[in-house]
Each structure stands twice: as structure tokens, then as C-alpha cells.
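Welcome, and please open the structure in your viewer. We will go from stop to stop, and at each one I will tell you what to select and what to look for.

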Amino acid sequence: MCCRLFVTLHINLRQSMNDVALHKVKFVTLGCKLNFSESATIGQQLLERGIATTVTGDETPDICVVNTCSVTSLADRKCRQSIRNLIRRYPHALVVVTGCYAQLQGKAIAEIAGVDIVLGNEQKGDVVDYIEQWLRDKHNALVVTPHQDISRFAPSCECGDRTRYFLKVQDGCDYYCSYCTIPLARGRSRSGTIASLVEQAQDVARRGGKEIVITGVNIGDFGKNTGEHFLDLLKALDQVEGIERYRISSIEPDLLDDQTIDWCATSRAFMPHFHIPLQCGNDEVLRLMRRHYTRDLFARKVERIHQAMPHAFIGVDVMVGTRGETPERFDDSLQFIASLDVQHLHVFPYSERPGTLALRIPYIVPKAERDARVARMMELSESQQRQFIERFLGSERPVLFEQPPRGSKVMHGFTDNYIRVTVPYRAELVNTVTPVLLTSDIISSSHNS
């Protein structure tokens, strides 16, 4: 009976929300840049429909939207903690949960007291419709389409409270790597059309945007459902007047062909900056992971990039401690990565994912050893990044400065080749590309690529 009384009180206290002209919404976005783009789009849609505006400062939200990630067990735990923290802090708010964790664990999330709407990735584009319906009738919803039936491509291109825009060009993945649940969470690979994406980029230019980051789950797979090709998309975007910079957020090495690399080197607006998942530098582990390339192919891609763009920044995803990664295989991987001319390693430990093929691999790396391997890879990453930065000290490079947080006395921006620069705040520099002399006192050696 106590539980029933709590649920009734929880709903009744929010009865008056319909009477407010414009609600306040708080977003909690976990995971990738694609999630960030989608959350920003939902926020813009809520504003355009006259439903809600994003909270600022210490405002209390009427609506909380959690856009979840499920790439690791740690990501799952962070999602659960975020949901419960929001319910505890804002017990009268409408709570909406969507994203990959919602797709995979929707029923469990819906059973958390205080959660009102749970939507899978197929329904993410309809979040605003579900919020609007809840505000009318207060009926909770759990809607999750099975992953094999996910087919919708929901457009997204927003910057949120940032300066750079994130343009979603592709969703889903047809690669079933042994350690990964993303195909189960995001569904099959699908894309927007070149024409529709160019139109979104043109809209960014009209809004004053200077830089667009191209995002997706597996963007090199662009065009499977449209009959178009990734390089053709890049060429079309490069012609959009007003956009001064593009970045390719992440692309699989076997899908980054030499023609694309060479074209980027001579393009008008594509920056000398690539992020390429490697995961492991040992071929036997790559085979166990069911990756689609060898380490020699990866090394050739890195070499080709630097031949075409000697000043390019290359970030690399590395997973350590996966099943089957014996000490000898890890040492081999570490030595191989140390031999590459790459500038930053995004390192993360292997995480057991239910339902994945990796669980059949017999050799298990103890957690303490996984953590030790992360530390060794991070030490290598810091060394490689320092060496890269030192090459450009004393040179001048163009920097796009971001909008800093309210009240900040400093601002930061990135050079064309992704060196982070921090300077005292000057309002006139926001969203401008400005030549900057690179000195050690304004360069940060730690940032995510």
C-alpha cells in the first residue's frame, strides 16, 4: 500500500505541469558524440514545439531526459546511477529514458519507481511526441522495437550549448565484433541521403556555425540503404558555403580508403584529423575480436595519412584485457602501437557483455591486470601526444574558439590538427577561426579525440 500511495503522490504532484507555458528540461547524455547530437536535437525540438526549454544554472527541471549508453558494464552502471540520482533530486519531474541501455534493458528500467517513459532507439526520434502525450494524459510508456526490426534513420544536427555542430550521417552497425552489443542496441546500418545531409549543413551555415563534426555508429558504411558513397557525401558537404571546418569523428580502418584520405588532403574544409579504431595491435586478438582488418592494414592507413597530411592528428581506440589477450599478446600490441605515428590513444578496459561471442573465449584477464594494462597504454598515449605537440611549438595555426561555460575566465579551441589551446576569455573570439602562435603555456596535452 505504501508503494501505491507513493506512485499516486508522484503523479498528482505533477498534475499542474500542463498549466505551465514552457517547462524546463534537463538532459543527461552518456556515451558517444552521436548521443550528444541526438540529445541536442531533442532539446531543439522541445523548444520549437513550445513545450520546454533547457534548464540553466540551478533551475529545477519539470522534465528529465536520459540518453543512455551501453558500450560497457561501467556505462550500464552509470546509466542506472544517473536515472536514480535524477529521480531522487527531482521527484516531481517527468523522467524519460532512451538510448542504447534503454534498448537493451527497457523492461528493467521501466520497473524503476519514478521512471515514466522508456523508449528504444527506433523511438528516439519520437521522444517529443511521447513527452507531449504524457503531459496530456499522464500515461507511462515502454516502447522498444526488437533490434532486427530497427529501420528508421532519425536526422540530427545540433550543437547544444557548444560551438561545433554534430551532424549524424549514419546509424546502426552490421559488424558483429565478438565483444560488442552495439548492433543489438542500434540495429542495422542505415543512413540519411546526401541531399538531406547537405541541407542540414546549409542550415548550420545559416545559423552561423563554422564547424561540423560528422558522426554515426559506423560512418564508413554510409549509403548502404541509399546507394550512395561516403566519399561522395564528403565532396558534397565540402561545397557548402559558410562551413569552414569538417571533422570525421571515427571511421573503421578497412572503410577508410586511400582515395578518401587523398581527397581530404586537398579538400577545402576537411581538417587533418582522423579517429580510427584499432582495438588491439595483435593479429590473433583482432581475429578473436572478429575485426575486419589486420594490424598491417592499420599501419598502412596511418602511413598513408601522414604521407598526404604530415601534420595530421590521428586518434586511436584501444581496448585492453579482452578475453584471449595473453601477456605476450598484450606486449606485442603495445610494441606495435608504440611504433605507429599516432597522437592520442582512447584506452578502455574490456568489459563482459551478456550475449556476446567473446564469452566463449577461454582466457580471462584478471581485473587488476586489465587496469595495469590501461595505465601502460595511457602512459604511451601521453608520451605520443607530448611529442606531437612539441613539433608545433612556435608555429602559428588556425584555432576555432568555443563558447566557454557561463562565468568562465578562460576559453578553449582547437587547431585544424586538433591541438587544444586555452587562452583568457575574449567574447569577440567565440566562434571565430583565429591564427594563434602555439606556446607551451596555452597548450593542453589532455583532451578526448
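**Stop 1: a hairpin**

Select Y418: in the hairpin of β17 and β18, which has four residues between the strands, Y418 takes a positive phi near 65°. This is a predicted model, in which local features need pLDDT of at least 70, side-chain atom pairs count only at pLDDT 80 or more, and totals for chains, interfaces and linings use all residues. Residues are numbered from 1 along each chain as its sequence is written, and side-chain values use heavy atoms, with hydrogens and water left out. The element names come from DSSP runs: helices are H or I with at least four residues, strands are E with at least two, and the numbering starts at the N terminus.

Strand β17 covers residues 410-415 and strand β18 covers residues 420-424; they pair in the antiparallel sense over five bridges. (Two strands pair if DSSP finds at least two bridges between them.) Select M411 and you will find V423 of β18 standing opposite. Next, pick H412, whose bridge partner in β18 is T422.

**Stop 2: the sheet around the hairpin**

- β19 and strand β16 (residues 396-401) run antiparallel and are joined by five bridges. Select P398 to see its bridge partner in β19, P435.
- β16 and β17 pair over three bridges, again in the antiparallel sense. Here F401 stands opposite G413 in β17.
- β18 and strand β20 (residues 443-444) are joined by two bridges and run antiparallel. Look for R420 opposite S444 in β20.

**Stop 3: a covered strand**

Jump to strand β11, residues 211-215. Is this strand mostly covered or uncovered? It is mostly covered, with five of its five residues buried. (Buried means under 20% relative accessible area, exposed over 50%, and partly exposed in between, with a 1.4 Å probe and protein chains only.) Show the side chains: E211, V213 and T215 point one way from β11, while I212 and I214 point the other way.

β11 has parallel partners to look at. Strand β8 (residues 165-168) is joined to β11 by four bridges and runs parallel to it; V213 in β11 is the bridge partner of F166. Strand β12 (residues 245-248) also pairs with β11 in the parallel sense, over four bridges, and I212 has Y246 of β12 as its bridge partner. Follow the chain from β11 through helix α8 (residues 230-238) to β12: this β-α-β crossover is right-handed. That is, with the strands pointing away from the viewer, the path from the first strand over the helix to the second runs clockwise.

**Stop 4**

Select helix α7, residues 194-206. At 1.5 Å a residue, its 13 residues should span 18 Å, and its end C-alpha atoms are 18 Å apart, which agrees. (The expected span is 1.5 Å times one less than the number of residues.)

Which residues of α7 are buried? They are I194, L197, V198, Q200, A201 and V204. Turn the view to look down the axis of α7: these buried residues fall within an arc of 160°, so they line one face of the helix. (The arc is that of the directions from the helix axis to the C-beta atoms.) An α-helix has 3.6 residues a turn, so residues three or four places apart point the same way.

The buried residues of α7 pack against β7 (157-158), β8, β11, α8 and β12, where contact means heavy atoms within 4.5 Å. On the face turned away from the buried side, find the exposed residues A195, E199 and R206. After α7 comes G208, with a positive phi near 95°.

**Stop 4: another helix**

Finish at helix α12, residues 327-338. Its buried residues are F330, S333, L334, F336 and I337. They cover an arc of only 165° around the axis, which puts them on the same side of α12. On the other side, E328 and Q335 are exposed. To see what covers the buried residues, show elements including β13 (273-279), α11 (295-308) and β14 (313-320).
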